[in-house]
Amino acid sequence: MINKSYSKKMNNKIVQLLAILMTFSACMTSQEVPKIDWEELGKTEPWKATEVYEPVPPKVTPGKWQEAPSDAIVLFDGDDLSQWVKPQNDYGVNMEQIEPMCQLMFKTDWSGRAPADWIIKDGQLIVNQGKGGIETKEAFGDVQIHLEWLSPVDPEKEGQQYSNSGIFFMGLYEVQILNNYENETYVNGQVGSVYKQHIPLANASRPPGEWQYYDIVFTAPKFDGDQLVSPAYLTVFHNGVLTQNHVKLKGPTCFIGEPHYAPHPAKLPLSLQDHGDAVRYRNIWIREL
Ligand code: MG
């Protein structure tokens with residue numbers, strides 16, 4: 001049985017609750033969406049204060065499918081290796097090698113490099129196995145690149161040995177090229193990875209023997225003397241699928257050990273890796289950003 005004092009307490013609670021609800025509903029009605037008086041606003045046109053008209057983005061005519069757009073530097077279109085040379089430096093395995101290499105790059109004379117010696121056949125550029133990589137004649141900093149490649153069919157191969165190559169931005173920061181269609185390896189070293197730094201968001205591999213492509217945006221690291229001002233970033237699309245979304249790099253690509261930044265010039269050649277596999281390339285173009 002409910003006693004009188006309990007009943008009184010309950011009544012008080014209900015009164016309190018109703019008071020809260022009435023206050024809440026009063027607040028709601030007092031926060032109605034204000035009406036816009038367009039006629040009045042038209043006298044001062046305040047929206048114009050947030051309109052930006054400069055700089056005007058340059059007009060770029062897109063290529064058909066993945067053909068080079070009008071402002072790209074064509075690095076390989078099937079004809080010749082005039083945009084490529086043999087690299088001035090080999091790849092550094094660890095920071096003990098890479099750090100002094102970066103220092104040497106400030107004093108390097110880039111004019112004396114030998115001609116690139118990869119093979120051109122049927123409009124395709126083929127890695128000259130065991131002869132070393134190739135690098136661009138020009139030096140680049142921030143870039144967008146498009147590049148198509150094909151892993152030759154070789155069922156005897158597996159892991160990191162199945163169609164390994166790579167794009168080394170500034171000769172230092174690698175986006176991996178590997179056949180990972182039904183071929184497993186460590187995930188931070190598979191296709192679409194920033195080698196040993198960032199696992200890809202997806203594996204968009206096509207089978208060996210089919211052409212694939214990368215579209216990549218590379219932001220170069222910036223240095224002020226010995227000080228790192230901003231790190232490198234990579235955004236990678238593999239066959240149109242996002243695998244790296246503006247990821248921050250820890251430093252140059254290291255096969256052994258952890259990377260850290262070492263100061264180097266603001267622009268450096270981009271290189272393609274010879275990892276002993278006859279990977280084929282075509283349609284390579286780059287846009288400076
Ligand atoms: Mg590689």
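# A guided tour of the predicted model

A search of the whole structure finds 10 salt bridges; the term means a side-chain nitrogen of Lys or Arg within 4 Å of a carboxyl oxygen of Asp or Glu. This is a predicted model: local features need pLDDT of at least 70, side-chain atom pairs count only at pLDDT 80 or more, and totals for chains, interfaces and linings use all residues. Residues are numbered from 1 along each chain as its sequence is written, and side-chain values use heavy atoms, with hydrogens and water left out.

**Whole chain**

Show the protein as a cartoon. The protein has 3 helices and 15 strands. These are DSSP runs numbered from the N terminus: helices (H or I) have at least four residues, strands (E) at least two. Of the 289 residues, 42% count as buried. Buried means under 20% relative accessible area, exposed over 50%, and partly exposed in between, with a 1.4 Å probe and protein chains only.

Accessible areas come from the Shrake-Rupley method with a 1.4 Å probe; for residues, only the protein chains shown count as cover.

**Salt bridges**

Select Arg113 and Glu135. They form a salt bridge, with the closest N and O atoms 2.7 Å apart. Arg113 sits in the loop between helix H3 (95-105) and strand E3 (119-121), while Glu135 is in strand E5, and the two are 22 residues apart. Arg113 counts as buried because its relative accessibility is 13%. Glu135 is buried too, with a relative accessible area of 6%.

Next, select Glu148 and Arg282. Their side chains meet in a salt bridge (2.6 Å, N to O). Glu148 lies in strand E6 and Arg282 in strand E15, so the pair ties together parts that are 134 residues apart in sequence. Buried or exposed: which is Glu148? At 3% relative accessibility, Glu148 counts as buried. Arg282 is partly exposed, at 27%.

Now try Glu258 and Lys250. This salt bridge spans 3.7 Å, N to O. Glu258 is exposed, with a relative accessible area of 59%. Lys250 is partly exposed, at 41% relative accessibility.

**Strand E15 and its partners**

Colour strand E15. Two strands pair if DSSP finds at least two bridges between them. Strand E6 (residues 143-150) runs antiparallel to E15, joined by 7 bridges. Find Val143 there: it stands opposite Glu288 in E15. Strand E1 (residues 73-76) also pairs with E15 in the antiparallel sense, over 3 bridges. Ile73 is opposite Ile286 in E15. Strand E4 (residues 124-126) pairs with E15 over 2 bridges, again antiparallel. Here Ile126 faces Arg280 of E15.

Glu67 is in contact (heavy atoms within 4.5 Å) with Asn283 and Trp285, leaving aside its neighbours within four places in sequence. The C-alpha atoms of Glu67 and Trp285 are separated by 8.5 Å, though the residues are 218 apart along the chain.

**The open sheet**

Which strands come in order in the open sheet? The order is E2-E5-E14-E7-E8, and the pairing is antiparallel. Strand E2 (84-85) and E8 are the edge strands, each pairing on one side only. Look between strand E5 (residues 134-140) and E14: 4 bridges join them. Phe140 stands opposite Leu268 in E14.

**Magnesium site**

Centre on the magnesium ion. Its protein donors are Asn164 (OD1), Ser165 (O), Glu174 (OE), Gln176 (OE1) and Gln273 (OE1), lying 2.2 to 2.3 Å from the ion. Donors are N, O and S atoms within 2.8 Å of the metal (3.2 Å for Na, K and Ca); water is not among the atoms, so sites may look incomplete. Gln176 lies in strand E8 (residues 173-177) and Gln273 in the loop between strand E14 (268-272) and strand E15 (280-288), so the pair ties together parts that are 97 residues apart in sequence. Both Gln176 and Gln273 are buried.

Step across to Gln190, in the loop between E8 and strand E9 (211-219). Not counting residues up to four places away in sequence, Gln190 touches several residues, including Gln176, Leu178 and Asn203. At 12% relative accessibility, Gln190 counts as buried.

**Last stop: a surface patch**

Select Val93, Tyr186, Phe255 and Ile256. They make a nonpolar surface patch of about 350 Å². Patches are made of residues with over 30% relative accessible area and no salt bridge; like charges are joined within 9 Å, nonpolar side chains (Val, Leu, Ile, Met, Phe, Trp, Tyr) within 5 Å. Phe255 lies in the loop between strand E13 (241-248) and E14.
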